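Student: I'd like to learn how to read the disulfides in a new structure. Can you walk me through one?

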Amino acid sequence: MNGGYTKKNCKCACPLGTTGAKCENFVRSYNDALIKQLTPHSANITKPGKVTSPGYPKSLRLGAMGSTQVIRAPKCQRAVVTFKDFQLDDDCNDNSLEIRTDVSVADGKVFCVEAIAKGTVFRSDKSELIFHYKNNNPQKPEAGYKATFTTEAIPNCS
C-alpha cells in the first residue's frame, strides 16, 4: 500500500511519509518527508506567534542544508514578521539569514551580524515569507533570531 514493497524477509518496506505493517498509514507526502529528514529544523508556520532560529537563544549547528521556515498567512492576508532580537556571527559565510518577501524569486536578501534592528518589520508581497537560516559554526556565541509573526489584510484581495 502507498508505494510499499516486500523485502527479502517478507516484511513491507515503506517509503518515507508512510508507516504501518503494510505502509497503510499516510503521514505526509514523500517530498515533505524527505525535506523533514534532510532538514529536521525546517518548518511551515501557519499560526501567528513566535518565530525563532533553531535552538534560540543558543547556537545550534545546522550543517550545509540549514533551516527553512515558510511563514504562511491565510488567503488575502500577508505575513508580517517583527524582529525582537537578531544576533548572528560576524562571518556571513558561516551564519546568516536569507529573507524572501516574494517567493517567486530565487534569492532573497541576506542578513548577518546585527543587520536587523529590534522592531524591524518584514511584510510578504503575497501570503508567504521564506526564512533560510544557516549556521555552520556553533562555537561562536551568537544567539540567532527571535521575531513575532502576525497577519494583515491585503487590500483589494478577494
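Tutor: Cys-14 has a relative accessible area of 31%, so it is partly exposed, while buried means under 20%, exposed over 50% and partly exposed in between (1.4 Å probe, protein chains only). Keep in mind that this is a predicted model, where local features need pLDDT of at least 70, side-chain atom pairs count only at pLDDT 80 or more, and totals for chains, interfaces and linings use all residues. Residues are numbered from 1 along each chain as its sequence is written, and side-chain values use heavy atoms, with hydrogens and water left out.

Student: What is a disulfide, in general?

Tutor: It's a covalent bond between the sulfur atoms of two cysteines. Here, the term covers a pair of cysteine sulfur atoms within 2.5 Å. Cys-14 pairs with Cys-23, the sulfur atoms being 2.2 Å apart. Cys-23 is buried, at 0% relative accessible area.

Student: Which handedness does the disulfide of Cys-14 and Cys-23 have, and why?

Tutor: Left-handed, because the torsion about its S-S bond is about -100°.

Student: How many disulfides does a search of the whole structure find?

Tutor: Three. Another joins Cys-76 to Cys-157, 2.1 Å from S to S. Cys-76 counts as buried at 19% relative accessibility, whereas Cys-157 is partly exposed at 34%. Cys-92 and Cys-112 also form one, with sulfur atoms 1.5 Å apart.

Student: What pattern do the disulfides of the chain follow?

Tutor: Count the bonded cysteines along the chain and you get 1-2, 3-6, 4-5.
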